[in-house]
Amino acid sequence: MAVAGFLRWGGRRARLPGWETLCSRWCLITSHKLYSTVYDPNEKTFEKLLIANRGEIACRVIKTCKKMGIKTVAIHSDVDANAVHVKMADEAVCVGPAPTSKSYLNMDAIMEVIRKTRAQAVHPGYGFLSENKEFARRLASEGVTFIGPDTHAIQAMGDKIESKLLAKNAKVNTIPGFDGVVKDADEAVRIAREIGYPVMIKASAGGGGKGMRIAWDDEETREGFRFSSQEAASSFGDDRLLIEKFIDNPRHIEIQVLADKHGNALWLNERECSIQRRNQKVVEEAPSTFLDPETRRAMGEQAVALAKAVKYSSAGTVEFLVDSSKNFYFLEMNTRLQVEHPVTECITGLDLVQEMIRVAKGYPLRHTQADIPINGWAVECRVYAEDPYKSFGLPSIGKLSQYQEPLHVPNVRVDSGIQQGSDISIYYDPMISKLITYGSNRAEALKRMEEALDNYVIRGVAHNISLLREVIIHPRFVQGDISTKFLPEVYPDGFKGHKLTDLERRQLLATAASLYVAEQLRSQRFLGTPRIPIAKSKRSSWELSVHLGDGIYPVAVSKDGSSFSVEVDGMKLNVTSEWNLASPLLSVTIDGTQRTIQRISRNASGETSIQFLGTVYKLQILTKVAAELSKYMPEKAAEDTSSILRSPMPGTVVAVSVKPGDMVSEGQEICVIEAMKMQNSMIAAKTGKVKAVHCKAGDTVGEEDLLVELE
Amino acid sequence: MAAVRVLRRAVRLCRGRAASGARPPPVPQRIEEKRRAALLGGGQARIDAQHKRGKLTARERILLLLDPDSFDEYDMFVEHRCTDFGMDSSKNKYPGDSVVTGRGRINGRLAYVFSQDFTVFGGSLSGAHAQKICKIMDQAAMVGAPVIGLNDSGGARIQEGVESLAGYADIFLRNVLCSGVIPQISLIMGPCAGGAVYSPALTDFTFMVKDTSYLFITGPDVVKSVTNEDVTQEQLGGAKTHTAVSGVAHRAFENDIDALLNLREFFNYLPLSNRDPAPVCECHDPSDRLVPELDTIVPSESTKAYDMLDIIHSIVDEREFFEIMPTYARNIVVGFARMNGRTVGIVGNQPKVASGCLDINSSVKGARFVRFCDAFNIPLITFVDVPGFLPGTAQEYGGIIRHGAKLLFAFAEATVPKITVITRKGAVQIIFRGKEANAEEEYVDKFANPFPAAMRGFVDDIIQPSTTRTRICHDLDVLASKSQSSPWKKHANIPL
């Protein structure tokens, strides 16, 4: 059905992602069952547009601009000089050094580029300057169109108190609470009692969880008042607070709205964004399993009412908290394109960036509410360069030594701004891409997501594929039983990767053993006719010992034509594959079950790590003989690295801030090494007393040289 | 010969009967007994002691190194001939003596092996021991197959005196004669001291096992008495010292098993002799694979560092690179890889370490590797990004001119296919020390780009970085039939 409308969805597997291929990777919906997203070449639009952003969203905007025939200007920091968005744009200008405050937030430099390149409009993407009213104002004053709402709407929605008042006046359900500024702790307690516990105390100017406290009684309210006002003052320079009812265990569901400058506004259905970690969304989908048509319409209509009340134009998002009884409460409105907009595009067939540009140019909307469909189901996973085993994701940096998007899987869309060889740096958001799958129903979309995640090759940095895959196959998620507390509830002790069932463990062992044997067999195959003939091995069975986790498993492999027959735990499994040992992806069929696995690494010692069902497992495979002899190998104690500080690179010691006997606390700077003209602060890995200092300022040190020892 | 043997046996039989009246066991049984004794080496107690030290026995090592059931042993019945100091008593005789020798297969390919047996007189080298080693070396040279030595020996057999020392001389001579004819690999798996160190030093590659192997001319006790230095075995001659400081060893491995498995993998890169071409393995990595990251990996600023290993991994087959001397003179990277299945030797400046400059150690490291590749028909691929030679008194006094010349000599002498990829550029900043900024700028404009060299034909082509792999694979195919001869000479005179 709707799938037919997606042209070259997925596209071919790009080997060389030059910008031409990048563009063909992601082809927008060009026709739709109910209406078409038309890129009318005769419709007058901007000639040149500047994208005040980087990464995937900059690429996303450029793609639509190309379809609309708009020339694009990219801005970039010096470290982004080779970034994908820079290559894709018609022009690119450096706006400063790596730190965002000096580049992507550097309004002076960006205004200068706009003047120089004569860009007529600016798309801010999300983040950075997208909700900065000062930026919008400066653009307006120079006659440059800001692709977004008016300054008035940005301002009104940027303030929590004001936006809540506005919402209330527009008859939007708001969380019961106090709308004014709370004077002191006593007043806070009085208000809290009126509303009824639990209550949430939050900074009026806040965001991102800062200055937010939940209070369950009077005492906590007083305490919360004090903390929140301090935090608000230091974080936002504004200690105004508000108090509202705390909705326990809510869902986060948001409505996409689209409004023009002629008073028309539409709601483009909802997005379910409840799967979050540390208030950041991880998995989103549209539509939500939770909403019935009535609730959806009620939410949509209220969202539109709010948009109209602030004379909103452009695309915007009205966020709601929805409790278990489907009561919904206005949370806030985001006056920009959201990260998760692709799921809405998938089910409605609209190109939101195109609509934003059209609206900014002054065109009225082409659709009516009745035109907006829900076609199929779309799921988005945010693929991050981060380690999911540490508080559901701590950023990781590095070079993408291998990178291949799963575009050969049907109905997959990948929005990314990186390519093989790109650096994930400390300066910017560690998002690698947004992986979106689409299906005629939710089960189909999720099945494809599973496949897409298995087929996604990311090497060189840690990534959260394992967590994403676990979430989307979790029974609670599959049933739609989710809330914003999903992750901490499901993984109270932190995420530990996929837990193998007995069958899955056997499948992994069988696959790893077969892979080992395939490799062994290949290493006996030499081409040409050697002077001394090669002794052909007549061996057809191998007795192996595989170390996985805490267990050591005897595995017997015998070759059976092109497949392997593997005996694990007294169970025989048949493993077939093409055994292409160079491909990062390996399709293996184990007793009829197809699995796509990735061999992340291997070495001569039999150690290998295999990504299986999303999680990377470390194994060691030895022949039975070697495994038996390995009991004689000496156990080597790992060096306790927390009490010693070694130079991570060769360089010069610029300063040493401690001397023997000093107490240092974890994270405290111990010395500074300059290398490659960069100063690197070496910090203590634990709290303790300095035992010895092995370097002084001016010394030249090599990599791994001992600098400081702690007791 | 056979007649004499029969006669002797008859005599012995008569004597035996006359003396004890009991019948000695029949010959097949005696063979079996000797064989069993040989397999036990120095006996179970010593085997257990060897295991306790975290080491495998000589035979266990051979078992792991060679393909299953492929070992054909030589000289299992050889015994030492020493009669002094009570050595001729039967309890001091071990069939096979303190070394196991033979031939076998590694992934089907022929290799000759000796494995010193520490359980027999601490693996000490007797005349018989040396003779056994010499025998397989002679055979290996005649057949044209590599020799792998697994060293675990306390040194010379003191009881034998000059006999033992002469044995070393015989081995050294063969090491030298075989040099450049067949690859010789030494894996140090226990002590190796005094004169014994020179056999590994004469071979092509010396690998060590961490924590259980030592190489030194004189041990800590002698050092203490002569120079009054306090030093441990590990500091003096452990794996870390030789792989990071002295450059004596080419690589170190975690334990015996790790070392032997790695040796098997390493062996697959080598041709069997100088008569054989570099081996070509079955390869699944497409030769025309583009490497897009190469277009961005090298920073445009000439002073900014990057990791040459990233470049090497991305270009070679399946990202597999067997690095030689990875922790010594790290400003140059050398090692083996494959291109479309064929073994190649890779040499690259490492901008990440000391800006990739050339100094004494890196020149010597590079030169030795290049000469090995040239001797054994392994094509060379060189990735150049060098600011020049390291300046300073330490380098000049150390003889950088002489040592740097080795690298030039080795490259110029090499007749194997040589492909050089210049990833960035060279020595401009050194010529102009920032004083004459204008002149430097002019110079950069003029020469710090590929055009002048390309226009003069000094470089053959300027290629898109992402196509490097494809281009190298094609060139190697063409160059496979390269033949180049040098003028007749006894041997060249490399500036040692």
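A:M200 belongs to strand 7 of chain A, which covers residues 199–203; helices (H or I, at least four residues) and strands (E, at least two) are DSSP runs numbered from the N terminus. The model is predicted, so local features need pLDDT of at least 70 and side-chain atom pairs count only at pLDDT 80 or more, while totals for chains, interfaces and linings use all residues. Residues are numbered from 1 along each chain as its sequence is written, chains are lettered from A and ligands numbered from 1 in the order in which they are written, and side-chain values use heavy atoms, with hydrogens and water left out.

With a relative accessibility of 14%, A:M200 counts as buried, a term that means under 20% relative accessible area, with exposed meaning over 50% and partly exposed in between (1.4 Å probe, protein chains only). Neighbours up to four places away in sequence aside, A:M200 touches A:M212, A:R213, A:I214, A:L242, A:I243, A:E244, A:K245 and A:F246, where contact means heavy atoms within 4.5 Å. A:A518 is 318 residues from A:M200 in sequence, and the two C-alpha atoms are 60 Å apart in space.

**Chain A as a whole**

Chain A contains 18 helices and 39 strands. Its radius of gyration is 29 Å, close to the 27 Å that the globule rule gives for 711 residues, so chain A is as compact as a globular protein of that length. This radius is taken over C-alpha atoms, and the rule is 2.2 Å times the number of residues to the power 0.38. Along the principal axes, the C-alpha atoms of chain A fill a box of roughly 85 × 70 × 55 Å. Of the 711 residues of chain A, 57% count as buried. Among the contacts in chain A with a separation of 6 or more, 63% are between residues 24 or more positions apart.

Helix 6 of chain A (residues 151–158) has A:A153, A:I154, A:A156 and A:M157 buried. The elements that the buried residues of helix 6 pack against in chain A are helix 5 (133–141), strand 5 (145–146), helix 7 (160–169), helix 10 (293–309) and strand 14 (328–334).

**Further buried residues**

A:S313 is placed in the loop between helix 10 and strand 13 (314–322) of chain A. A:S313 is buried, its relative accessible area being 1%. Beyond its neighbours within four places in sequence, A:S313 is in contact with A:G148, A:P149, A:D150, A:A259, A:D260, A:K261 and A:V359.

A:T596 is found in strand 29 (residues 593–602) of chain A and is buried, with a relative accessible area of 13%. Not counting residues up to four places away in sequence, A:T596 touches A:D454, A:N455, A:L585, A:L586, A:S587 and A:Q611.

In chain B, B:S98 lies in the loop between strand 1 (72–74) and strand 2 (99–106). B:S98 counts as buried at 0% relative accessibility. Its contacts, apart from neighbours within four places in sequence, are B:Q116, B:D117, B:V120, B:G123, B:S124, B:H129 and B:R157.

| Residue | Partner | Distance |
|---|---|---|
| A:T596 | A:Q594 | 3.2 Å |
| B:S98 | B:H129 | 2.7 Å |
| B:S98 | B:R157 | 2.9 Å |

**The interface between chain A and chain B**

The contact takes 44 residues from chain A and 54 residues from chain B. Between them the two chains bury about 4200 Å², 57% of it on carbon and sulfur atoms; buried area is the accessible area (1.4 Å probe) that two parts lose on being put together, summed over both. On the chain A side, A:F526, A:R531 and A:M633 lose the most area to chain B, together 15% of what that side buries.

There are 5 salt bridges between chain A and chain B, each being a side-chain nitrogen of Lys or Arg within 4 Å of a carboxyl oxygen of Asp or Glu. One salt bridge joins B:E282 and A:R525, whose closest N and O atoms are 2.6 Å apart. Helix 17 (502–522) and helix 18 (624–629) of chain A each supply at least two residues of the side that touches chain B, and helix 18 gives the most, with 3 residues.

Note on methods. A polar contact is a pair of N or O atoms within 3.5 Å; within protein, one must be able to donate a hydrogen and the other to accept it, and residues adjacent in sequence count only if both atoms are side-chain atoms.
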